[in-house]
Amino acid sequence: MDKFTNSAWFMRIVAFALAALLFISINFEMESDKKSLGLSTAPEISTETIENVPVEVYYDRENLVVSGVPETVDVTLKGAKSLLINAKNQRDFKVYVDLSDPAISMGDRTVTFKISDLNEKLVATIDPEYAEVNVQERVTKEFSVEAEYNSSLLEEGYTAGQPTVSPKTVKITGAKDAIEQISYVKANLEISKGLNETVNSKATVKALDRDLNKLDVTIEPSSVAVSLKVSIPSKTVSIAPKQTGKAKDGIRITSISVDPKEVTLFGSETSLEKIDEITLPVNISKIDGDTELELDLNKPDSVQKMSLGKAQVKIRTEKVDVDEENAEPVVEEEEPETEQKQEEQVVEEKPEPKEEDEPAAIESKTFNNIQIVPVGIRDDQDAELESDVTSITLLGEADDLKKITKDDINLTVDVSNLDEGTHDVDLAVTVPEGVEWELDSKTVSVTITQKEEET
């Protein structure tokens, strides 16, 4: 045995064994280090789904309209995890549909989604894989716009005129078959419940088919200006003072007058037709002599509002003996008398000279719904008044006011020097001589627009 261990072959075998063990040990440690440092040569394969990836469509946008392509798709990627993370974060790839071939035919067709700018080491799956699209000729046509609103939202008693639209027409672009389906072009004016004043607002334009379904088209402009005039019917009636209560002993009421003599009522036409006057109760039980009172006017329940809420009442009295208190001058006037007695009575009823020297009382009379007439409109312009009627109050002697009618009053507004746009313009008032006038507003808003050229 000692001879074998001391031989050269034994030493060679031991050296070879040690070298083999050393080689295996070193390689094992290197593999362990690579794994610990992430340097493994075998990559980790994984999958990642990226949702809502935008879809681009390539086609002749000037002459064609393409519908049916979804706005987004989901893309599932498979590959090395490091590449997946980068693709998900950067999203530097594109999903598209190519319809750019000039010879493409019109109608329905099935197209597949494609992907570009994706790392070639990644595999992509698109959901959905394809889309059913429709290709149509692109058409542009001009349509008139009709404004609409919910009339049930008006306050009770108020009415509205026909809404006006500016511009009156819009251009609608879309697929040929969609344009042919257009039956209505509406601009819906949004109003709130209880509307009681004129509205000027913007409204979005919609194109609808015969069943009032919204069509997928492009409208230019997409919104228009809508004006809706809201007003309330009015009626001017007289104020009739009515004596209530019993006069004190020794006091006789000779006259009761009211100022103003008329009041304007506002409400529905049906309600106003039933009212001819407003009764003003005047209690005379506490009257000791000539008196002036300010009394409230009672608004009828069927009326929305009145032009005034109070009126001035003048009460004229005379002192009489208690025995004569019940004698009514009206009854005496009804009895037949000789001409001589009538003349004597007239003389007795004449006021004292000092009363004749008093100036005549100034009274007022209100006229409603007086038309405002624009003058000086140029041939190439249109003029629209915010309100083409107004009320005016005339001040003067009673005899002069009785003779005046609406036809004697002229209200005009000069628009000859106005440019396009909205302006506040002074009203020009013409009334008969000897009376003065008052207006709630001495100006009116006027909108000037250019007339559309006829084709």
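**Notebook: surface patch, pocket, backbone and salt bridges**

The model is a predicted one. I placed Leu18 in helix α2, residues 8-36. Its relative accessibility is 54%, and I take Leu18 as exposed because the cut-off for that class is over 50%.

I then turned to the largest pocket, which holds about 1,300 Å³ of space. I counted 48 lining residues, and those closest to the pocket centre are Phe266, Val389, Thr390, Ser391 and Asp440. I sorted the lining by class and got 17 nonpolar, 18 polar and 13 charged residues. I also listed the elements that each supply at least two lining residues; among them are β18 (234-244), β20 (262-266), α5 (269-273) and β27 (389-397). Which strand gives the most to the lining? I found that β25 does, with 8 residues; this strand covers residues 362-375.

**Ser387**

I checked Ser387, which sits in the loop between β26 (381-385) and β27. I recorded a relative accessible area of 34% for Ser387, which is partly exposed.

**Backbone**

I searched for cis peptide bonds and noted one joining Asp127 and Pro128, with omega about 0°. Pro128 belongs to the loop between β7 (123-127) and β8 (130-144). I noted another cis bond from Asp259 to Pro260, with omega near 0°. Pro260 is in the loop between β19 (251-259) and β20.

Asn52 has a phi of about 55°, and I located Asn52 within strand β1, residues 45-58. Leu212 has a phi near 65°. I found Leu212 in the loop between β14 (199-208) and β15 (218-220), where it is exposed at 54% relative accessible area.

**Salt bridges**

How many salt bridges does the structure hold? I have 8 in the list.

I began with Lys88 and Glu48, whose closest N and O atoms are 3.1 Å apart. Lys88 is in helix α3 (residues 81-90) and Glu48 in strand β1, so this bridge ties together parts 40 residues apart in sequence. I have Lys88 as partly exposed at 38% and Glu48 as partly exposed at 27%.

Next I took Glu146 and Lys186, a salt bridge with its closest N and O atoms 3.1 Å apart. The pair links distant parts of the chain, with Glu146 in strand β9 (residues 146-148) and Lys186 in strand β13 (residues 184-188), 40 residues apart. Is Lys186 buried or exposed? I have Lys186 as buried, because its relative accessibility is 13% and the cut-off is under 20%. Glu146 is partly exposed at 43%. I also noted that Glu146, Glu148 and Lys186 are linked in a network of salt bridges.

Last, I looked at Glu318 and Arg252, whose side chains meet in a salt bridge at 3.1 Å, N to O. Glu318 lies in strand β24 (residues 310-319) and Arg252 in strand β19, so the pair joins parts 66 residues apart in sequence. I recorded Glu318 as partly exposed, at 32% relative accessible area, and Arg252 as buried, at 13%.

Conventions:
Residues numbered from 1 in each chain as written. Predicted model: local features only at pLDDT ≥ 70, side-chain atom pairs only at ≥ 80, totals over all residues. Heavy atoms only, no water. 1 Å grid on protein atoms, 1.4 Å probe; cavity = no way out; pocket = protein on both sides within 12 Å on 5 of 7 lines; lining within 4 Å. Points joined across faces, edges and corners; volume = space filled by probe spheres on them. Helix = DSSP H or I, 4+ residues; strand = E, 2+ residues; numbered from the N terminus. Nonpolar A, V, L, I, M, F, W, Y, C, P; charged D, E, K, R; others polar. Buried < 20%, exposed > 50% of the residue type's maximum accessible area, 1.4 Å probe, protein only. Salt bridge = Lys/Arg side-chain N within 4 Å of Asp/Glu carboxyl O.
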